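The following questions and answers concern the structure shown below.

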Amino acid sequence: MSSINRRNFLRSSGSLAIPAVLPLSGLLVSEQQTEDDLPAKPVVKFFGDGEMYEPSDYIRVLQEADKTTTIAKDRYGVGGVVEALEKKFAALTGKEKAIFMPSGTMANQLAIAVLSGNKSKVFVQETSHVFRDEADAGQSVFQKRLVPLAKDETCFTAAQLQKTIDDMSNTEAFNTGFGAVSIENPVRRSDGRMVSLDEIRQIRKYCLEKKIPMHLDGARLYVASAWSGVSVKEYSRYFDTVYISLYKYLGASAGAILCGDAAVIDQMPHLIKIHGGSMYGNWTNAAMALHRMEGAEKRFTDAKTQAEKLFGALNKTGRFTVTALANGTNIYRLQLTKNIDGRNFQAKLNQQFNIRLGRPDANNQTLITINETLLYQSTEDIFKAFEQSAA
């Protein structure tokens, strides 16, 4: 599995550490620079799932949002723009209620804890964020026994889940109960690959028979929806709880939303408080996410369409080969021909055309991620930038 570690991306990509400048706010000029010194084109970033604002841009976007609809602050997550955001996500997912959470880890862990109750076993993908990236919170904080399935694969199948449960039922001395099933979709550690809707339906059918509730780590569910054509609501209907990130592609600096039945969501305020997640004001993140929700699905769809046009043109040159990953979403593999100096190519794209790209490896390959910044420049301009940078 050729995965990019997002925490090491900027370290390995040289001059990519330069902060991105957004077209909506104009060029930011330091004391040492003039406008003539800076690139004329807005930044296109072939990494990350969405726009992540610099502080000054964040403030500007919130000011613009406030001009349209006055931002009303919350108090400890109650009322104001937080309540408006929660209602929006409840409608989006088709769930009874939604609640703002300070982080995706808290959303995942509290959902799993409540769904599983006093039953200890929770079934997860071995590649999932819940299993690999949440510091063993399920075990150390919530006394859950995470049972990882399908090592190094995107997801387990309904048949694998059934076999595991049958084996445990027959071989373990004490029955501590099967508490919940958690599925991440798409899977970051699997380079953004998706779990097929058909497999989700089969897993759900089995879990309903066994009365095992299901949680969806849908941090990047907007991405899965855009690349699969399956709506967020359709994905959500097969799960009892759904978490969606607010910062990965909705512009917020932090935050998450957890959606589900009222009986589950109504337990969350107390749990958020006792686990240290109750903050006096959440409105800055909620207001940004609510503002950016408008048109988000179209932006993803448009970016996907533009990427397909761009990649089709690049593939015809004989110098670039861009391929989609099997069951993939917005991550693609870019192969440069041997006569292209990968490091020089990356530097030219960055310095001359304001296009950020991960450094090609020894085989002249790199993974590229599509997000809405692809819409900041025309397909023709990006194509020309690739060709000129490879010269």
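Q: What end-to-end span should the 14 residues of helix α3 (residues 80-93) have, and how far apart are the end C-alpha atoms?
A: The model is predicted, so local features need pLDDT of at least 70 and side-chain atom pairs count only at pLDDT 80 or more, while totals for chains, interfaces and linings use all residues. Residues are numbered from 1 along each chain as its sequence is written, and side-chain values use heavy atoms, with hydrogens and water left out. Helices (H or I, at least four residues) and strands (E, at least two) are DSSP runs numbered from the N terminus, and the expected span of a helix is 1.5 Å times one less than its number of residues. Helix α3 should therefore span 20 Å, in agreement with end C-alpha atoms that are 21 Å apart.

Q: Which residue follows α3, and what is its phi?
A: The residue after α3 is Gly94. Its phi is positive, near 75°.

Q: Which residues of α3 are buried?
A: Buried means under 20% relative accessible area, exposed over 50%, and partly exposed in between, with a 1.4 Å probe and protein chains only. By this criterion the buried residues of α3 are Val81, Val82, Leu85, Glu86, Phe89, Ala90, Leu92 and Thr93.

Q: In what order do the 3 strands of the open sheet lie, and which are the edge strands?
A: Two strands pair if DSSP finds at least two bridges between them. The pairing in this sheet is antiparallel, in the order β9-β10-β12. Pairing on one side only identifies the edge strands, β9 (320-324) and β12 (365-369).

Q: Which residue of β12 is the bridge partner of Leu334?
A: Strand β10 (residues 331-336) and β12 run antiparallel and are joined by 5 bridges. Ile331 stands opposite Thr369 in β12. The bridge partner of Leu334 is Thr366.

Q: Which helix lies across β9, β10 and β12, and at what angle does it run to β9?
A: Axes are lines fitted to C-alpha atoms, for helices over the stretch in contact (heavy atoms within 4.5 Å). Angles run from 0 to 180 degrees between N-to-C directions. The helix is α14 (residues 296-315), and its angle to β9 is about 140°.
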